[in-house]
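Have the structure open while you read.

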Amino acid sequence: MTSAIAAHSLSRTFDTFKAVDNIELAVEPGQFFGFLGPNGAGKSTTIKMLTGLLAPTAGTISILGMDLISNPVEVKRNIGVVPEGMALFGKLTATEYLHFVGRMYGLDKQVTTQRTTELLEFMGLANERKKLIGDYSHGMGKKLALAAAVIHGPKVLFLDEPFEGVDAIAAGTLKSMLQGMIGRGATIFLTSHVLEIVERLCSHIAIIDHGHIVANGSLDELRAGVRAKLPAAADGAETDPSARLTLEEIFLSIVGGEAGSPAHEQELNWLS
Amino acid sequence: MSFARICGARFVWLRRQAKSGEVRMANELSPASEAWSGKQVRAQLLAIAWLRWRILLNGFRRKGSVGDVVALAITVPIFALMGLAVAVGAGGAAWYYTSSGQLERVTWVLWGTFALCQFLNINVGQPGTKFDPTQLIRFPLRARSYVFVRLFFGILSPANIMVALMSLAIGVGVSVALPSLWAYAMLAMVVFAATNAIFTRMVFAWVDRWLSTRRAREIFTAVIFAGSMGIQWLNVTFNLSGKHHHHAQKISPEHMAMLLNVYHQALPWLNLLPPGLMGNGLVAAHSGNPMAYVGDIADCLLFALVFFAIFALRTQTEYRGEVFSDQANGVKDATERTGRVNTNSAILPAQMTMGGTEVRRLGVPPTIAAVFAKEILTVRRNSGVFYALVAPVLLVLFMTMTRLASADNASYVFPGALAYSLIGVVPLAFNSFGLEGAGSQFYFMAPVRLRDVFIAKNMINILLAYVEAGAVLVVVTLVGKKPTAAMLVASILWAAATLMITLTFGNRRSVAGPKKIDLGRTSSKQASPLSALLSIGLVILSAAAGAGMLLVAQYLKEMWLAPIGMVGYCALAAVVYWRGLASIERYTLEHREDMFQELCKGK
């Protein structure tokens, strides 16, 4: 079966710095794929390369079986993107922006108008449709960016921190929408620092650190991998196999979390 | 309304796709295979044109934009008239050379047009737009459509419009002088203007690539600055404008012979370039050799083609996602910094950092000292401010070296030079928070009085102004004529009064009409159009008032009256400034939304 997203030997170098180093990725159709990593690990660089916003230094990318480099237009027709920083046009209203995006994706005026109305209502932005995007709150901007990413009905959706700054009610609605898309066969590639959301939504997860993929698989596979590496308890007792590791524990175990360590607390002991 | 209901009742298009088949539905994983139609491509291009139009129009949809429209309504016709005058001048020169039998010299006018185009593009750019075309690459836009968009939208810069007008005027000038050449002249000028515009797009597409890092931008700005100053030096030193003042240095016959020799050596090569080709083409057409004319036109078109190919090469690379910016390099920096944060330096009180220590010793409150220290750092890292300060001093130096020092009214050199130098400093006070952007919110969160923040920022403006005044005084004294004590005191007092008045207005405009300054854009202006107009207008008004006082004192032959008058002016300005400062806290709090709207919500 053709992977919905496939990256082979993908690298990106800035001067001498390797932001992404020879990674392999395969996301199967219908997967809700979580892509995690600490700050500066290479997540956004990877997502930019997968969506054609950044040229890879080396490697190949294939989306829905099409090579991104040789078929950029066809690939972009089939994907939706919520990029880092949202890339909205602050001097447009929401209606104007969605109209523009719809037209850029080849939708005719009637369809664009209809979907714009539906999406603005769905996202709770109908009353703000005449306001300039520059005056939107961060959360409203995120919702609009997501609306723009799905207006053409993409088969693959790339979301870079889509829930950042979005209120709980809206986040719940968005999650339901995304799950609905997965139910209809779409593929979603998500990066987020909110590990609870990733744990709840994603069936498969990859973790990138210092430009390398350090873990890749289903949540259960990651759990098993981490458990296998965990040292035995100090008293020699076996670890309770029924105790499920959370994604946060898995993540910290893999990338080496240090927050809250005694050394850190000692450094900031001037805090009251 | 529940999500399920929304999906069921209103979000029907996701399902309808599957039923109608008009658009491939989301659950089909084979990619859409319908060809991207010409109609869709045209719709994309129209959508981009519409986007630009809406961005321009919506740019006026904010509080205070009426003032900017008024400022533009005043300045645009002035610049348009200046542009028209230059175009008419070019046309007149072409007419003169043609009618006096020196058709080959039209080439000089064409070279002038070419040089002006590059100069204007560097200095003016594309004012009023914040549109970044690279944002379009995330859409399914064909590579050639992207190249077309980049070419077409960049081509409508004021410089290119200006060159088109000049080319038209040259064509008309030649046609009026030699009506038989009108068709040749007009075709040649159309080709010339198009080649020029494509050349500019090519250069700037590549310059943008080279200028994507801050270091490269600083070097480029330094080169442009040195070039501009060099031209000014040549102008005043050799009096290139043609007004042979007795103190301007004449070029010696040896130097002139050398220059002419270089010119004649370079001429055959210059004639191979578009301005030379078009000039030669006109000469060929006039001498009854239309085939040579056609050859020159073809050569010029070949240049245009090569320029376009180089432009397209760069733009297509951009389309593929090539990134060279500081932001991309920032990934590296951020990663390298991770885990190496020195918490000690992060929590140092601001007054202990550079600049603040000295101010603190002078008994200045710590918050003012902290903001002052931060402003010093900001000024140090803004090469634009540095050049704005240095350029007037250098120009004063050049002018003093030649014309002004020997003028009959040399006693006015220092006050005149001082007023001129203030024009570079004063606009900075009209957008005090522009460089801070969203960071300006800090002042509203921190336990500081906003009045103190303004005092610190004003202190920087005053410091810069008096450093500038000191430099001007040194230049005028050493190179020209030392001002009299009365003139010196009067000038210094006038500068103080002018600063206090402009700072009062500037503080308010910084809140009510701020402009976010993007250091990544070389053409980013330091203040909004209305603020820039106000700042210069106030300096001119104040200069008129000061000049009036000086003239009265001179008329009465009692120059000591001038400093006394200036003391009164200064006292009045101090009252205005003090009253302004007393109400600035309330004013800022009342207008903070206007401020944040521009500075903080950039998407």
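## Ground rules

Axes here are lines fitted to C-alpha atoms, for helices over the stretch in contact, and angles run from 0 to 180 degrees between N-to-C directions. Helices (H or I, at least four residues) are DSSP runs, numbered from the N terminus.

The model is predicted, so to speak, with cut-offs: local features need pLDDT of at least 70, side-chain atom pairs need 80 or more, and totals for chains, interfaces and linings use all residues. Residues are numbered from 1 along each chain as its sequence is written, with chains lettered from A and ligands numbered from 1 in the order written.

In chain B, the axes of H21(B) (residues 485-512) and H22(B) come within 10 Å and cross at roughly 155 degrees. The two helices are therefore roughly antiparallel (angles over 145 degrees). The crossing is right-handed, meaning the near helix is turned clockwise from the far one by less than a right angle.

Residues in contact (C-beta atoms, placed from the backbone, within 7 Å) include Trp494(B) and Phe505(B) of H21(B) and Leu538(B) of H22(B).

## H22 against H23

H22(B) (residues 529-555) also packs on H23(B) (residues 561-599), at about 150 degrees with axes 8 Å apart. That makes this pair roughly antiparallel too, and their crossing is right-handed. The contact involves Ala545(B), Met549(B), Leu550(B) and Ala553(B) of H22(B), and on H23(B) residues including Gly565(B) and Tyr569(B).

Note on methods
Angles under 35 degrees count as roughly parallel, over 145 as roughly antiparallel, 65 to 115 as roughly perpendicular and the rest as oblique. Two residues are in contact if their C-beta atoms, placed from the backbone, lie within 7 Å.
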